[in-house]
Amino acid sequence: MENKGRKKGVHDRGISILEKYDLEASAASRGRGALICQTGQGLVLIREYYGSTRKLEYQAKLLEKISGQKEIHVDTLKRNKEENYITVDKENIPYLVKNWYDGKECDTQSRKDIMRSVKALASLHKTMQMPVWEHYVRESLLSEYERHNRELRKIKKFIFQKHQKNEFERCYLEHADRYLCCAEEAFKRISQSSYDRLRTVSLERGCVCHGAFHQHNILMWDSETAVVNFDNWNYDVQMADLYQFMRKILEKHGWDKELGKEMIQSYCEIRPLIKEERENLAVRFAYPEKFWKLANYYYTHNKVWIPKKNLEKLRKLISQYEKWLEFVESINTLEK
């Protein structure tokens with residue numbers, strides 16, 4: 001690992017807390033908002049932490065349970081000499097120290113990496129169950145879709161009533177009706193599906209989702225895979241994780257139906273899906289989530305200046321509309 005010289009600054013402050021773990025860094029490099037250090041006990045990652053102490057304790061138990069299965073690597077949390085997970089430095093900045101891995105992130109253009117990631121997720125899902133703490137139960141998808149649909153109608157009305165419309169607003173308004181129609185149909189489908197029963201069973205079993213399963217949180221080396229950054233874990237139907245990963249990958253691959261089919265098959269090799277899960281996955285894909293995300297970002301941020309990248313994202317989304325519908329139609333057969 002390359003030593004970056006570690007000039008005086010925030011990274012030095014981070015390294016200084018290692019003494020409270022009986023660790024010493026022989027080399028260090030910057031990661032995503034963190035510092036990765038080589039120590040006598042291997043690689044560790046140091047980063048600031050301002051979240052809930054209680055949730056962190058649950059997270060630590062979850063990670064220990066997963067790591068005990070030996071099927072997949074995770075970034076387990078290290079306790080300091082006082083047996084705490086959070087360590088505060090001299091400037092009152094709270095830090096975490098986690099075991100880390102010298103691997104590359106999942107390459108979203110590599111079919112091999114994609115399938116390894118899906119299998120890793122299936123292995124995680126087989127292990128991730130804990131007694132439910134209600135505070136971290138994810139909102140019902142019925143409630144979420146109903147809320148998002150209200151927001152889409154509100155945003156459409158807001159833009160329609162504007163006298164001066166920018167390019168993003170004109171583009172959004174031109175296509176809002178067909179996406180809203182898809183959103184309302186998806187809500188109708190999930191209302192009539194077995195979702196409530198599936199969610200109830202999932203919570204009874206204490207099923208846990210990673211909450212942010214994407215390429216940046218998947219590290220690979222040789223034949224090994226690690227899943228990291230569990231900060232967004234929650235109790236939910238585990239199809240939420242599989243859907244989110246698949247959607248991000250398929251958007252990058254023009255909603256390739258064969259790729260989607262292969263991803264589901266790879267997941268099922270490790271953890272077969274029951275009929276209700278297949279139905280739930282199909283309904284999730286039928287909801288125009290990316291359209292809602294772009295609309296929500298627009299409405300909750302500066303509406304005068306729209307980032308160019310958001311207009312580009314909207315145009316790309318619209319250009320993939322027919323391919324997306326074809327994929328939704330093909331994945332509907334999962335329900336059968």
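Okay, let's start with a pair: the side chains of glutamate 277 and arginine 271 meet in a salt bridge, 2.6 Å from N to O. Keep in mind that this is a predicted model. Are these two buried or exposed? Glutamate 277 counts as buried because its relative accessibility is 8%, under the 20% cut-off. Arginine 271 is at 13%, so that one counts as buried too.

Salt bridges can also share partners, and here that joins Arg247, Glu251, Glu289, Lys290 and Lys293 into one network. How many salt bridges turn up in a search of the whole structure? The search finds 21. As for the general idea, side chains of opposite charge can pair when their charged atoms come close.

Now, glutamate 276. This residue sits in helix α9, which runs over residues 275-286. Its side chain meets that of arginine 197 in a salt bridge, at 3.9 Å from N to O. Arginine 197 belongs to helix α6, residues 195-204, so this pair ties together parts that are 79 residues apart in sequence. What else does glutamate 276 touch, leaving out residues up to four places away in sequence? Besides Arg197, there are Ser194 and Leu198. Glutamate 276 has 24% relative accessibility, so we call it partly exposed.

Glutamate 139 is at 28% relative accessibility, so it counts as partly exposed. Arginine 147, at 27%, counts as partly exposed as well.

Notes
Residues are numbered from 1 along each chain as its sequence is written. This is a predicted model: local features need pLDDT of at least 70, side-chain atom pairs count only at pLDDT 80 or more; totals for chains, interfaces and linings use all residues. Side-chain values use heavy atoms; hydrogens and water are left out. Helices (H or I, at least four residues) and strands (E, at least two) are DSSP runs, numbered from the N terminus. Buried means under 20% relative accessible area, exposed over 50%, partly exposed in between (1.4 Å probe, protein chains only). Contact means heavy atoms within 4.5 Å. A salt bridge is a side-chain nitrogen of Lys or Arg within 4 Å of a carboxyl oxygen of Asp or Glu.
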